[in-house]
Amino acid sequence: MPVLTKAHIWLDDRGEAWIDEANTKVIEVALDMIAHGWSPEEIHFQHPHLSLAQIHAALGHYYDHKMEMDAQI
């Protein structure tokens, strides 16, 4: 039986990755992890409007596009 999942990430017209329903860019979550060394749980504590699923999706997107996003950072 197929299972529907939610990606939580979308790209705007400029190719910038955003988290669904959060008005937060993926790069912002990645920067919290890189600059502060925050775990997904700490990111959630600091940004309670983001679910852990959204945070993990954002970090997954970051790792899938690490070279491009690191260059942007």
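Modeller: Residues 24 or more positions apart account for 45% of the contacts (heavy atoms within 4.5 Å) in the protein with a separation of 6 or more. Please keep in mind that this is a predicted model, where local features need pLDDT of at least 70, side-chain atom pairs count only at pLDDT 80 or more, and totals for chains, interfaces and linings use all residues. Numbering starts from 1 along each chain as its sequence is written, and side-chain values use heavy atoms, with hydrogens and water left out.

From the N terminus on, the elements run β-β-β-α-α-α-α; helices (H or I, at least four residues) and strands (E, at least two) are DSSP runs, numbered from the N terminus. Of the 73 residues, 37% count as buried, meaning under 20% relative accessible area with a 1.4 Å probe, protein chains only.

Now to the core itself. A nonpolar core is a set of buried Ala, Val, Leu, Ile, Met, Phe, Trp, Tyr and Cys residues joined through side-chain atoms within 4.5 Å. The largest one here has 17 residues, and those with the most contacts inside it include Ile9, Ile19, Val29 and Leu50. Strand 2 (17-19), helix 1 (26-36) and helix 3 (52-64) are the elements that give two or more residues to this core.

Leaving aside residues up to four places away in sequence, Ile19 touches His8, Ile9, Trp10, Thr24, Val26, Val29, Leu50, Gln54 and Ala58.

Notes
Buried means under 20% relative accessible area, exposed over 50%, partly exposed in between (1.4 Å probe, protein chains only).
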